[in-house]
Amino acid sequence: MKTLILGGTREARELADIASGERGFDIVSSLAGRVRDPVLPVGEVRVGGFGGVGGLREWLRGNGIEVVVDATHPFAGGITANAATAAASLGIPVLHVRRPGWTEQPGDRWMRVPDLALAAEAAAALGKRVFLTIGRQGVAAFAHSDAWFLIRAIDPPDGAMPVDHELLLARGPFSVADETALLTGQRIDVMVTKDSGGALTEAKLIAARELGIPVVMIGRPPLPAGAEQVETVAAAWDWLRARRGTARWADRPRSEPG
Ligand code: NAP
């Protein structure tokens, strides 16, 4: 079954790893190509944007894709929407894999906000030394703040940055001890993060809880209406196995114009 896995996450790599070794599956993983030195999934990999919904639709058709698994990051709303639209126009089933978001624990001091602009406002109100751990995208929303920022990302952000900042290029996972040392050493007043979920980057939240540091938690963009969703790689694998044998390229609905 010719399967496209939209990736850039640990879940996508795990799914490619499991499915590539199984008879009856023909897997292609796709990465956006944003990170300079990405951790690659096993098996066939393509890199780079498709060129919007139209480009993705043509790529799906040209490559005979029968199912799409969108295992992109919970904040990659653009490719998720494009995948849903392009696949629907070809009658191809799409599964979205979204790990659960983080849940507040006793001792946490979280402020949930729906977007970057409100996160910038909240951070400014909560302190003068901000740990910005939202990845390389979205930093520009904080560019006009007078606070000092410790900005951590895998690759340098492009676009505007706050004037007063230090850039820390690092790839997780990080330990609670290291996160605690970073927060105390840099005298951080407030942390800003996306609600990415997952264990890999959770240590910073535990460190903030133990130190009583407030966290501005940016909410996820919604999935497309009616999207089929699972939370784990195991559930995605079950879904794929259930599809195998039923999805034949020749039998797919031909609802697309032209
Ligand atoms: P996005 O805003 O949803 O996507 C912007 C454009 O990048 C898409 O329209 C598409 O270009 C291209 N693209 C994104 N993911 C792609 C993929 N897996 N394969 C091929 N093209 C892709 O996405 P983003 O937030 O920039 O994230 C880019 C990638 O980084 C995603 O794959 C995601 O899983 C990973 N990632 C994102 C974050 C985050 O915080 N956003 C964190 C960790 C990892 P075209 O329109 O030209 O097809």
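## Close-up views of the predicted model

**View 1. The loop that holds arginine 187.** In this predicted model, arginine 187 belongs to the loop that joins α5 to β10 (190-194). Its phi is near 50°, a positive value in a residue other than glycine. Most residues other than glycine have a negative phi.

View 2. The loop between β9 (165-169) and α5 (176-185) contains proline 173. The peptide bond that leads from glycine 172 into proline 173 is cis, and its omega is near 5°. Most peptide bonds, by contrast, are trans.

**View 3. The shell of residues around the ligand.** The ligand has 22 residues around it, of which Gly7, Ser30, Arg34, Phe50 and Ile79 come nearest. Sorted by class, this shell consists of 13 polar, six nonpolar and three charged residues. Among the secondary-structure elements, β2 (26-31) and α3 (77-90) each supply at least two residues of the shell. The most is given by α3, with four residues.

**View 4. Polar atoms facing the ligand.** An N or O atom in the side chain of arginine 34 is 2.2 Å from an oxygen atom of the ligand. The backbone also takes part: a polar backbone atom of histidine 73 is 2.9 Å from an oxygen atom of the ligand. At glycine 48, a backbone N or O atom lies 3.5 Å from a nitrogen atom of the ligand. On its own the ligand has 800 Å² of accessible area, and the protein covers 78% of this.

**View 5. The two domains of the protein chain.** The domain assignment divides the chain into domain 1, made of 2-98 + 221-251, and domain 2, which spans 110-218. Taken over C-alpha atoms, the centres of domain 1 and domain 2 are separated by 30 Å. Nine residues from domain 1 and eleven residues from domain 2 take part in the contact.

**View 6. The area buried between domain 1 and domain 2.** Together, the two domains bury about 840 Å² between them, with 54% of it on carbon and sulfur atoms. On the side of domain 1, Arg34, Arg36 and Phe75 supply 52% of the area buried against domain 2, more than any other three residues.

Definitions and conventions
Residues are numbered from 1 along each chain as its sequence is written. This is a predicted model: local features need pLDDT of at least 70, side-chain atom pairs count only at pLDDT 80 or more; totals for chains, interfaces and linings use all residues. Side-chain values use heavy atoms; hydrogens and water are left out. A residue is near a molecule or strand if one of its heavy atoms lies within 4 Å of it. A polar contact is a pair of N or O atoms within 3.5 Å; within protein, one must be able to donate a hydrogen and the other to accept it, and residues adjacent in sequence count only if both atoms are side-chain atoms. Accessible areas come from the Shrake-Rupley method with a 1.4 Å probe; for residues, only the protein chains shown count as cover. Ala, Val, Leu, Ile, Met, Phe, Trp, Tyr, Cys and Pro count as nonpolar, Asp, Glu, Lys and Arg as charged, and the others, Gly among them, as polar. Domain bounds come from an automatic or database domain assignment. Contact means heavy atoms within 4.5 Å. Buried area is the accessible area (1.4 Å probe) that two parts lose on being put together, summed over both.
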